[in-house]
Amino acid sequence: CDSCEIQKIDINFAPASELLRHPYLNSKQVRKLLKERQLKGGWCSQADFNNDKILDPKQQAKLAPYLIFRCETNNQTEF
């Protein structure tokens, strides 16, 4: 497996169809994530995402390498 081939998901802007294609997310988790994203407006960091407890800690750790967090307020990206 080539780590350069990993395509990260922009958690703040990815549509449901893209999130559902990820093998670590199921439909219930995606619905919960999208609902929280709509209410909150997104996350600026992995820590911010983890604090919302959308996923359990084990799932968060597994998914973390595949996510990008873009915060509109400061145009910074965290990998």
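Lys 40 forms a salt bridge with Asp 48, with their closest N and O atoms 2.9 Å apart; a salt bridge here is a side-chain nitrogen of Lys or Arg within 4 Å of a carboxyl oxygen of Asp or Glu. This is a predicted model, in which local features need pLDDT of at least 70 and side-chain atom pairs count only at pLDDT 80 or more, while totals for chains, interfaces and linings use all residues. Residues are numbered from 1 along each chain as its sequence is written, and side-chain values use heavy atoms, leaving out hydrogens and water.

The structure holds three salt bridges, and here they are together:

| Pair | Closest N to O distance |
|---|---|
| Lys 40 and Asp 48 | 2.9 Å |
| Lys 40 and Asp 52 | 3.2 Å |

Lys 40, Asp 48 and Asp 52 are linked in a network of salt bridges. Asp 52 bonds to Lys 40 at 3.2 Å. Asp 52 sits in the loop between helix 3 and helix 4 and Lys 40 in helix 2, so this pair ties together parts that are 12 residues apart in sequence. Helices (H or I, at least four residues) and strands (E, at least two) are DSSP runs, numbered from the N terminus.

Asp 10 is in strand 1 and Arg 70 in strand 2 (residues 67-71), 60 residues apart. Asp 10 counts as buried at 14% relative accessibility, whereas Arg 70 is partly exposed at 39%. Buried means under 20% relative accessible area, exposed over 50%, and partly exposed in between (1.4 Å probe, protein chains only).

Arg 70 also meets Asn 12: its backbone oxygen lies 2.8 Å from a polar atom of the Asn 12 side chain. The Asn 12 side chain reaches the backbone oxygen of Trp 43 as well, at 2.7 Å. Asn 12 is found in the loop between strand 1 (9-10) and helix 1, and is buried, with a relative accessible area of 9%.

After helix 2 comes Gly 41, with a positive phi near 95°.

Notes:
Polar contact = N/O pair within 3.5 Å; in protein donor to acceptor, adjacent residues only side chain to side chain.
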